[in-house]
Amino acid sequence: METSSLVLWFDLMGVFFFALSGNLLAAQKDIDITGGLVLGLLAGLGGGIIRDVLLGVTPLSLSQPVYLVPPLVAAAVVYLLGSFIHRVQTLIVAFDAAGLGLFCTFGTARALDHGMPVASALLLGVVTAVGGGLLRDVVANEIPAVFSGSNLYVIPAAAGAALTALAVGTGTWGPVAATALSFLVFAFRMVAWRRQWRVPAPVRSWTVRDLDVLRHRERSVFGRPRREGSPGDGESDGENDDDEGSDPGSGGHPDGGRGFRPGRRR
C-alpha cells in the first residue's frame with residue numbers, strides 16, 4: 001500500500017512546512033530563535049506523535065532522529081532569510097496548508113497500514129493534520145486555526161483523508177496519488193482562506209456579521225487575509241500595532257524600525 005521511502009520523504013516535507021509556519025509565527029510575535037525552534041518542533045512533530053501514540057506504536061519522530069532535522073533547518077532558514085520576508089501572514093497560512101495536505105493523507109495511509117478501520121483512519125488522518133498546528137497556536141497564545149471560525153480548516157483535512165482512504169481501497173494509492181491529493185488539500189485550504197469560506201455558526205440565530213462584530217479585536221494570524229490598501233499582514237482592521245511607550249519616530253518598534261518587521265514592506 002505504501003513504501004517506506006515514500007512515507008519518509010513526504011512526512012519529512014510535512015514536518016518542514018509545519019516547522020516553517022511555527023518559526024514564522026515566532027518571528028511575527030518577536031519570539032527568539034529558541035522559542036521559534038520549540039514552536040517549529042510542536043507544529044512539525046506534534047500531530048504525528050499524537051497519531052502514533054493512539055496507534056500504540058513508537059512515534060516515528062522518536063524512533064528515527066532524522067525527523068529532528070527539518071525543524072532545525074526551518075529555524076535556520078527563517079533566521080537567515082527572515083529579513084527578506086514581507087508577507088508573513090500569507091506564508092504562515094501557506095506553509096500550514098502545505099503541511100495540512102501532506103499530513104492528512106499520510107496520516108490516514110499510516111493508520112490504514114496498521115489495520116485501523118476506515119472511520120478510525122479518517123479520524124487519525126485529521127488528528128495528524130491539525131494536531132501540530134493546534135499545539136503550536138496554543139503555546140504561542142494564538143487562536144488555533146481549527147477554532148478561529150474565520151475559514152475552513154478541518155474540512156479540507158477531512159476531505160483529503162477521505163480521498164486517501166478511497167485511493168487505498170481502490171488500489172490507486174501511490175506517489176502520484178499522494179502528491180495529487182496533498183496538492184488538492186493545499187489548494188482547497190488556501191482558496192477557503194482567501195475567499196473566507198465559512199461553515200454555519202454553532203447557534204442558528206447567529207450570523208456571520210454578528211460574529212465579526214464580536215471578534216473585531218481578534219488578532220489571529222488565520223483571520224481575514226490582507227487586501228490591497230489594508231494594514232500590513234497580521235494586523236486587525238482598525239487597530240494600531242504600535243507598542244506603548246515606543247519612540248514615535250521609530251515606527252512603533254523598539255529598535256527604531258530597523259529590525260525584522262513581519263508583514264510590512266520596506
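Val69 is partly exposed, with a relative accessible area of 43%; here buried means under 20%, exposed over 50% and partly exposed in between, with a 1.4 Å probe and protein chains only. This residue lies in helix α4 (residues 69–81), where helices (H or I, at least four residues) and strands (E, at least two) are DSSP runs numbered from the N terminus. Val69 sits 57 residues from Leu12 in sequence, with 8.7 Å between their C-alpha atoms.

A word on the ground rules. The model is predicted, so local features need pLDDT of at least 70 and side-chain atom pairs count only at pLDDT 80 or more, while totals for chains, interfaces and linings use all residues. Residues are numbered from 1 along each chain as its sequence is written, and side-chain values use heavy atoms, with hydrogens and water left out.

**The whole chain**

The protein chain has nine helices and zero strands, and its pattern along the sequence reads α-α-α-α-α-α-α-α-α. Of its 266 residues, 47% are buried. Among contacts (heavy atoms within 4.5 Å) with a separation of 6 or more, 77% link residues 24 or more positions apart.

The expected span of a helix is 1.5 Å times one less than its number of residues.

| Helix | Residues in helix | First to last C-alpha | Expected span |
|---|---|---|---|
| α5 | 26 residues | 37 Å | 38 Å |
| α7 | 17 residues | 24 Å | 24 Å |
| α8 | 21 residues | 30 Å | 30 Å |

In α5, 23 of the 26 residues are buried, so this helix is largely enclosed by the rest of the structure. Just after α5 comes Gly115, with a positive phi of about 85°.

Helix α7 spans residues 154–170. Its buried residues are Pro156, Ala157, Gly160, Ala161, Thr164, Ala165, Ala167 and Val168. An α-helix has 3.6 residues a turn, so residues three or four places apart point the same way. The packing partners of the buried residues of α7 are α5 (88–113), α6 (118–139) and α8 (175–195).

On α8, the buried residues include Leu181, Val185, Met190 and Trp193, along with Ser182 and Arg189. The buried residues of this helix pack against α5 and α7. Phe183 also belongs to α8, but it counts as exposed because its relative accessibility is 55%. The C-alpha atoms of Phe183 and Leu102 are separated by 8.1 Å, although the two are 81 residues apart along the chain. Following α8, Gln196 has a positive phi near 60°.

Most residues other than glycine have a negative phi, and most peptide bonds are trans. Asp30, in the loop between α1 and α2, has a positive phi of about 60° although it is not a glycine. With 57% relative accessibility, Asp30 counts as exposed. Asn141 likewise is not a glycine and has a positive phi of about 60°; its place is the loop between α6 and α7, and at 70% relative accessibility it counts as exposed.

Glu142 is found in the loop between α6 and α7. In contrast to Asn141, which is exposed, Glu142 counts as buried because its relative accessibility is 8%. The side chain of Glu142 makes a polar contact of 3.2 Å with that of Lys29. A polar contact is a pair of N or O atoms within 3.5 Å; within protein, one must be able to donate a hydrogen and the other to accept it, and residues adjacent in sequence count only if both atoms are side-chain atoms.

**The cavity**

On a 1 Å grid over the protein atoms alone, a cavity is a set of points where a 1.4 Å probe fits but cannot get out, and lining residues have an atom within 4 Å of a point. Grid points are joined across faces, edges and corners, and a volume is the space filled by probe spheres set on the points. The count comes to one cavity of 30 Å³ or more, and the largest cavity has a volume of about 80 Å³.

Its lining has 14 residues, with Asp11, Leu45, Gly48, Arg51 and Tyr67 nearest the centre. At least two lining residues come from each of α1 (4–28), α2 (33–55) and α3 (60–63), and α2 gives the most, with six.

Terms used:
On a 1 Å grid over the protein atoms alone, a cavity is a set of points where a 1.4 Å probe fits but cannot get out, and a pocket is an open set with protein on both sides within 12 Å along at least five of seven lines; lining residues have an atom within 4 Å of a point.
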